[in-house]
Amino acid sequence: MKTEVEKITNLLTEEDRKKIEEAGRILKDGGLVAFPTETVYGLGADALNPEASKKIYAAKGRPSDNPLIVHISNMGALEKITSDIPEKARKLAKHFWPGPLTMIFPKSEQVPLETTGGLNTVAVRMPNHPIALALIDAGGGYIAAPSANTSGKPSPTKAEHVALDMDGRIPMILDGGAVGIGIESTIVDFSTTIPMILRPGYITPEMIREIIGEVRMDPGLVLDDPTVHPKAPGMKYKHYAPKADLILVDGVQEKVVEKINDLVCEAEKSGKKTGVIGTDETCGLYQAGVVKSIGSREDEDAIARHLYGILREFDDLNVDMIYSESFSTPRIGQAIMNRMLKAAGHQVIEV
Ligand code: TXA
Ligand code: MG
């Protein structure tokens with residue numbers, strides 16, 4: 001299959017509107033279209049068409065028990081695909097939609113089990129991106145979309161990343177440039193008395209608490225206990241993994257830099273090609289290895305935005321080892337570290 005990459009620069013132009021219409025037609029005919037959202041690129045299919053959803057699993061190599069998020073563009077659509085909308089969920093929707101928040105509801109009959117990985121619940125999100133919203137409307141209103149990477153790879157934050165993973169597997173990629181946030185949406189589940197965060201993201205527990213009161217973190221995410229599984233099926237898989245062995249070093253900056261310098265020196269001595277993930281503040285202090293800055297430590301949004309891209313850049317360079325500073329920054333540090341710890345298989349050196 002030939003994959004067309006269509007650049008969308010201005011939705012007000014006739015040219016771009018035609019491209020969206022064409023993409024919408026592909027979705028309505030049961031095909032796949034990759035598209036930008038404010039978090040990461042998604043791989044879309046008509047969520048109400050079981051055969052279309054199945055194509056997503058095939059294109060990504062995704063386990064069939066890992067459910068998809070249904071993307072909508074208005075609140076009316078939420079009523080159709082869910083059978084119960086808790087008041088707290090309505091409040092969160094009012095504050096954070098369109099935006100990087102996914103909520104889980106009991107599903108209605110309309111949603112096929114192929115889309116929900118066999119579950120009776122459905123994850124729903126209204127993305128805050130003009131191209132995504134236009135595509136949802138053009139494609140029938142309900143677009144199932146996981147991140148548009150091959151299963152197990154870092155999520156794509158640019159159309160080029162999607163093309164590397166999906167070329168020849170899908171008919172169309174809409175290129176809307178680099179995404180704004182760079183890590184996936186926060187997922188909130190309401191099936192427990194106290195709502196639970198199944199995946200941390202740009203919308204923090206504090207922001208949610210301000211609107212609806214108490215919210216908990218899924219114990220499966222935070223406990224270092226292999227018998228307690230995360231509730232979101234996708235969070236149990238090895239994810240976001242670069243090809244190289246990634247090791248995080250955590251502690252005060254000076255010691256971290258010193259430790260990484262030692263580790264790189266040792267690794268290179270034994271013939272390993274080595275990468276370092278530092279910050280604008282520290283990059284000049286590293287003495288060897290391929291050194292990349294993830295951004296300024298003062299700008300945690302930039303750290304989130306660059307994370308997956310940097311992991312992919314190191315993949316392209318074929319390094320054997322990556323040593324990285326850790327980023328438990330004040331606001332979205334929890335979301336950033338959740339991804340980094342998974343990418344590192346929880347290998348952390350404390351200094
Ligand atoms: O930011 C995002 O959410 C991006 C963009 C494209 O919208 N999408 C995304 O989808 O990250 P995906 O498929 O890569 O991750 C969805 C996560 C998985 O961990 C999945 O297991 C979980 O959501 N999930 C989906 N439906 C669920 C359900 N009914 N119950 C529990 N977890 C669910
Ligand atoms: Mg994903």
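1. Val351 is placed in the segment that follows strand 16 (348–350). The model in which this residue is described is a predicted one. Val351 has a relative accessibility of 36% and therefore counts as partly exposed, since that class covers values between 20% and 50%.

2. Once its neighbours within four places in sequence are left aside, Val351 is in contact with Val249, Asp250, Gly251, Lys255, Val256 and Lys259.

3. Which residues come closest to ligand 1? They are Thr39, Asn66, His71, Ser185 and Gly234, within a shell of 26 residues that surround the ligand. Sorted by class, this shell consists of 14 nonpolar, eight polar and four charged residues.

4. Three strands each supply at least two residues of the shell around ligand 1: strand 4 (69–71), strand 6 (121–125) and strand 10 (196–199). The greatest contribution to the shell is that of strand 6, which provides three residues.

5. Polar contacts to oxygen atoms of ligand 1 involve both side chains and backbone. In the side chain of Thr39, an N or O atom is 2.7 Å from an oxygen atom of the ligand. For Arg199, a polar side-chain atom lies at 2.9 Å from a ligand oxygen. Pro233 takes part through its backbone, with an N or O atom 3.4 Å from an oxygen atom of ligand 1. The ligand would expose 680 Å² if taken alone, and the protein buries 98% of that area.

6. As to the overall fold, the chain contains 11 helices and 16 strands. Its radius of gyration is 20 Å, close to the 20 Å that the globule rule gives for 351 residues, so the chain is as compact as a globular protein of that length. Taken along the principal axes, the box filled by the C-alpha atoms is roughly 60 × 50 × 35 Å.

7. How much of the chain is buried? Of its 351 residues, 56% fall into the buried class. The accessible surface of the chain amounts to about 15,000 Å², and carbon and sulfur atoms account for 50% of it.

8. A last point concerns contacts along the sequence.

Conventions: Residues are numbered from 1 along each chain as its sequence is written. Chains are lettered from A and ligands numbered from 1 in the order in which they are written. This is a predicted model: local features need pLDDT of at least 70, side-chain atom pairs count only at pLDDT 80 or more; totals for chains, interfaces and linings use all residues. Side-chain values use heavy atoms; hydrogens and water are left out. A residue is near a molecule or strand if one of its heavy atoms lies within 4 Å of it. A polar contact is a pair of N or O atoms within 3.5 Å; within protein, one must be able to donate a hydrogen and the other to accept it, and residues adjacent in sequence count only if both atoms are side-chain atoms. Accessible areas come from the Shrake-Rupley method with a 1.4 Å probe; for residues, only the protein chains shown count as cover. Helices (H or I, at least four residues) and strands (E, at least two) are DSSP runs, numbered from the N terminus. Ala, Val, Leu, Ile, Met, Phe, Trp, Tyr, Cys and Pro count as nonpolar, Asp, Glu, Lys and Arg as charged, and the others, Gly among them, as polar. Buried means under 20% relative accessible area, exposed over 50%, partly exposed in between (1.4 Å probe, protein chains only). Contact means heavy atoms within 4.5 Å. The radius of gyration is taken over C-alpha atoms; the globule rule is 2.2 Å times the number of residues to the power 0.38.
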